[in-house]
Amino acid sequence: MSTISRMQQELQLLEAHSNLRRLPEMTHSGRDVTVNGRRMLNLSSNDYLGLASDRKLREEFLRTLTPDTFLPTSSSSRLLTGNFTVYEELETELSHLFGTEAALIFNSGYHANTGILPAVSDTHTLILADKLVHASLIDGIRLSAAKCIRYRHNDLAQLERLLKEHHAAYRQIIIVTESIFSMDGDQADLQALAALKHRYGNVLLYVDEAHAFGVRGRHGLGCAEELGCIRDIDFLVGTFGKAAASVGAYIVCKRVIREYLVNRMRTLIFTTGLPPVNIAWTLFVVRRLADMQERREHLTHISRTLREILLAKGYACPSTSHIVPMIVGASADAVLHAEALQRHGFYALPVRPPTVPEGTSRIRFSLTAEIRKEEIEELGNKL
Ligand SMILES: *Cc1c(COP(=O)(O)O)cnc(C)c1O
């Protein structure tokens, strides 16, 4: 069979199982999206603090720009001529905020997660990764020379056994987890992970805070801030594309780790740095994160309301955060539920295999601070 007809056949199979993906055509207006001529409240956005739809904030930022400072490209890798002072300003700001020795910026969370693990691992490394970590972390593990074992989601007893069994056989072990998980919206017990790590001299901890940066902690620095364990995490990674309403990612870490990554991390070395104007916008937002406590509290409040509604309707709801899945099971049911909600003006999307395990297809609500309590209650009436 030719390549093209094999591709067609595979796509038809996906379609038959309600698992075919398409790039949705849509236009945006603040909190709303318009799809197929229907304007709906966006319940699938990662704009957790509502900063991306905050026009005032953009106006304020635009006033700081001139044709000399509006730099839409860095024209080079940061290791060659693409390193602008605004990069170092942002890194200094982040290391101050987190109280770490250093910080380093990457083009995206995907670049961070596919670059850091291959850089710091060798064949004497064992990676112990939570079963539900993000695809970018899985790809980073695949690109590394390390051996990897996935432990059951948040099963720290199993992780403890694996550490006991293997720590003597490897030069280093890296535990890899998210803080808030993308699909279930539940959390890793970072304090318990830190305690486990400290039992051994050769165990390091890698935490991806993509969904928590901006959202958790008194200054919006994430779950590690909230739980007082920033210092226990060797590779503390977060992204700017979600709550920070920008693009890119960071690691906050020891100085030596930063220097090592600058020398060894391929997704930092072999790519054009982000445009300085994007870094300037990120810095502009990051400096304001501490003042966003009201938005964080509102988001916490409406998220709890939605979780309570789902529990009252008999859905199992693993979430402890603003990412709230309604797990319905079959992909076709998830699609039908999503379509019904969309008819009522709520833009909610189905999530299906392979993103989630077979039989756990769901509507994934991803709430933002711009959504009102009444809208959540109205949504509850339609579920
Ligand atoms: C979104 C996300 C990423 C990817 O970050 P990008 O900046 O969008 O590439 C990585 N990890 C997790 C857990 C995410 O949710």
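Q: How many Å separate an oxygen atom of the ligand from an N or O atom in the side chain of histidine 211?
A: A polar contact is a pair of N or O atoms within 3.5 Å. In this predicted model, which needs pLDDT of at least 70 for local features and 80 or more for side-chain atom pairs, while totals for chains, interfaces and linings use all residues, the distance at histidine 211 is 2.7 Å. Residues are numbered from 1 along each chain as its sequence is written, and side-chain values use heavy atoms, without hydrogens and water.

Q: How much of the ligand does the protein bury?
A: Accessible areas come from the Shrake-Rupley method with a 1.4 Å probe. Taken alone, the ligand exposes 380 Å², and the protein buries 82% of that.

Q: Which residues are closest to the ligand?
A: A residue is near a molecule if one of its heavy atoms lies within 4 Å of it. Here 13 residues surround the ligand, and the closest are Gly109, Tyr110, Asp208, His211 and Lys242. The side chain of aspartate 208 has an N or O atom 2.7 Å from a nitrogen atom of the ligand. For tyrosine 110, a backbone N or O atom lies 2.9 Å from a ligand oxygen atom.

Q: Which helix gives the most residues to the shell around the ligand?
A: Helices are DSSP runs (H or I, at least four residues), numbered from the N terminus. Helix H4, residues 109-120, gives the most, with 3 residues.

Terms used: A polar contact is a pair of N or O atoms within 3.5 Å; within protein, one must be able to donate a hydrogen and the other to accept it, and residues adjacent in sequence count only if both atoms are side-chain atoms. Helices (H or I, at least four residues) and strands (E, at least two) are DSSP runs, numbered from the N terminus.
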